[in-house]
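Here is a briefing for a first look at this structure. Take a moment with the sequence and the 3D view, then read on.

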Amino acid sequence: MNTALHIASLLVHCRPELLEAVKRNLALLPALELHQESPAGKVVVVLEAEHESRILDTINHIQQMPGVLNAALIYHELLTHEGEPE
């Protein structure tokens with residue numbers, strides 16, 4: 001069985017006055033974890049997915065959320081079924 005796991009980290013920049021609303025919307029997305037945040041409207045999130053296209057679709061979805069100014073991919077890693085980075 002050939003399974004892989006894509007792990008990606010994003011920096012989401014939003015309007016500071018909408019930070020709480022954006023965080024609530026982000027928390028609704030599957031396989032997404034909220035990490036650090038800044039009162040300036042920046043949030044670090046981590047995504048996990050079996051396919052790279054799912055990561056790209058999620059980034060695109062985040063960029064369309066109300067209040068979001070930008071979502072930038074900061075880190076991406078592919079883990080193989082043996083747990084080894086590829």
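Helices (H or I, at least four residues) and strands (E, at least two) are DSSP runs, numbered from the N terminus. The elements of this chain follow the order β-α-β-β-α-β from the N terminus on. That order holds 2 helices and 4 strands. The model is predicted: local features need pLDDT of at least 70, side-chain atom pairs count only at pLDDT 80 or more, and totals for chains, interfaces and linings use all residues. Residues are numbered from 1 along each chain as its sequence is written, and side-chain values use heavy atoms, with hydrogens and water left out.

**Overall form**
- The C-alpha trace spans about 45 × 20 × 15 Å along its principal axes.
- Of the 86 residues in the chain, 34% are buried. Buried means under 20% relative accessible area, exposed over 50%, and partly exposed in between (1.4 Å probe, protein chains only).
- Contact means heavy atoms within 4.5 Å. Among contacts between residues at least 6 apart in sequence, 67% join residues at least 24 apart.

**Surface and charge**
- The chain has 5 positive and 12 negative charges, and their mean positions lie 17 Å apart. Lys and Arg count as positive, Asp and Glu as negative; His and the chain ends are not counted. Each charge is placed at NZ of Lys, CZ of Arg, CG of Asp or CD of Glu.

**Strand β1 and its partners**
- Two strands pair if DSSP finds at least two bridges between them.
- β1 pairs with β4 (residues 68-79) in the antiparallel sense, over 10 bridges. Here L10 stands opposite L73 of β4.
- β1 also runs antiparallel to β3 (residues 42-49), joined by 8 bridges. I7 has E48 of β3 as its bridge partner.

**Helix α1**
- L19, V22, K23 and L26 are buried in α1 (residues 19-27).
- These residues lie on the same side of α1, because they cover an arc of only 100° around the axis. The arc is that of the directions from the helix axis to the C-beta atoms.
- The buried residues of α1 pack against β1, β2 (32-38), β3, α2 (52-63) and β4.

**Residue A31**
- A31 sits in the loop between α1 and β2.
- Phi of A31 is near 60°, a positive value in a residue other than glycine.
- A31 counts as partly exposed, because its relative accessibility is 47%.
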